[in-house]
Amino acid sequence: MNPIVLQTPEEMISTRATLFGKSIGFVPTMGALHRGHAELLKQARTENEICILSIFVNPTQFNDKKDLDNYPQAWQSDFNLAKENQVDYIFLPTYQNIYPDQYRFKIIETDFSKSLCGKSRPGHFDGVLTVVMKLLSLTGPTRAYFGEKDYQQLRLIKEMVAAFFLPTEIIAVPTVRESDGLAMSSRNVRLSPVNRQIAPTLYHALTKSATAEVANSHLQNAGFQVDYVTDFNNRRYAAARLGEVRLIDNVTI
Ligand code: AMP
């Protein structure tokens, strides 16, 4: 069966009302879907009666306009991947649909969101938390699925859900990688062929270096512009640029 596409909040809310009493698994994404997203959908499909996918490239979480303008879009293959994974509904809103308030109202976390990626991407997590709050309000899921690839995001969302007593369980899904170790990401298609060869070094430097400092110099030697490599709470986080593309990854230590 084809997934049903819903565009407006009104359509999402009235559809949600017809699903009363059913367990709902929700997977929010920005589209250009790959095997990482598919893993989230598979888990949502298995664990719930209804599976909802959202596709929305959220402008408020981009601090770099060029990154937003170049963000890949792939509606037809996204739709096919959703169908293959037996998604019931695809929520596909516009900016106006999601921000009728023109982003006057925001969710702001004042501590962890200011470190790591928050330092070099001011306002990024305000945008992420705000859009996730709006999407959770509209879809009312039993469970929502997030990737460990964006571990800082995952942690902040778990903490936001607890802070606001939201009745949704946040499920963490392990990072899906290419066979050479590179974490799958929609942005990987923007790597030049040469940088695509270098990119897996990010994962290998994180896992094989004794300290964050060693990993950092390893990455610089390989040609990365390193934003940070930081050990925090038994996890090593990194963000680094190859050309125009900013890659992030994290591993347990
Ligand atoms: P995005 O479309 O990049 O905003 O990602 C949507 C969701 O998919 C987020 O929860 C991401 O953490 C998750 N995700 C993206 N890439 C991967 C991956 N390689 N493995 C697991 N989850 C991922």
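1. F165 is found in the loop between α8 (151-163) and β6 (169-173). Helices (H or I, at least four residues) and strands (E, at least two) are DSSP runs, numbered from the N terminus. Although F165 is not a glycine, it has a positive phi of about 55°. Most residues other than glycine have a negative phi.

2. The model is a predicted one: local features need pLDDT of at least 70, side-chain atom pairs count only at pLDDT 80 or more, and totals for chains, interfaces and linings use all residues. Residues are numbered from 1 along each chain as its sequence is written, and side-chain values use heavy atoms, with hydrogens and water left out.

3. Q86 also calls for comment. This residue lies in the loop between α4 (75-84) and β4 (89-91); Q86 is not a glycine, yet its phi is positive, at about 55°.

4. Eleven helices and nine strands make up the secondary structure of the protein. The radius of gyration, taken over C-alpha atoms, is 18 Å, close to the 18 Å that the globule rule (2.2 Å times the number of residues to the power 0.38) gives for 253 residues, so the protein is as compact as a globular protein of that length. Along the principal axes, the C-alpha atoms fill a box of roughly 55 × 40 × 30 Å.

5. Which residues come nearest to the ligand? Of the 17 residues around the ligand (those with a heavy atom within 4 Å of it), they are M30, H37, D150, V176 and M184. The shell divides into eight nonpolar, seven polar and two charged residues. In this scheme Ala, Val, Leu, Ile, Met, Phe, Trp, Tyr, Cys and Pro count as nonpolar, Asp, Glu, Lys and Arg as charged, and the others, Gly among them, as polar.

6. A polar side-chain atom of D150 lies 2.6 Å from an oxygen atom of the ligand. An N or O atom in the side chain of H37 is 2.9 Å from a ligand oxygen, and a polar backbone atom of G147 is 2.9 Å from an oxygen atom of the ligand. Taken alone the ligand exposes 490 Å², of which the protein buries 93%; these accessible areas come from the Shrake-Rupley method with a 1.4 Å probe.

7. Two or more residues of the shell around the ligand come from each of β2 (24-29), α2 (35-47) and β5 (143-147). The largest share, three residues, belongs to α2.

Technical notes:
Polar contact = N/O pair within 3.5 Å; in protein donor to acceptor, adjacent residues only side chain to side chain.
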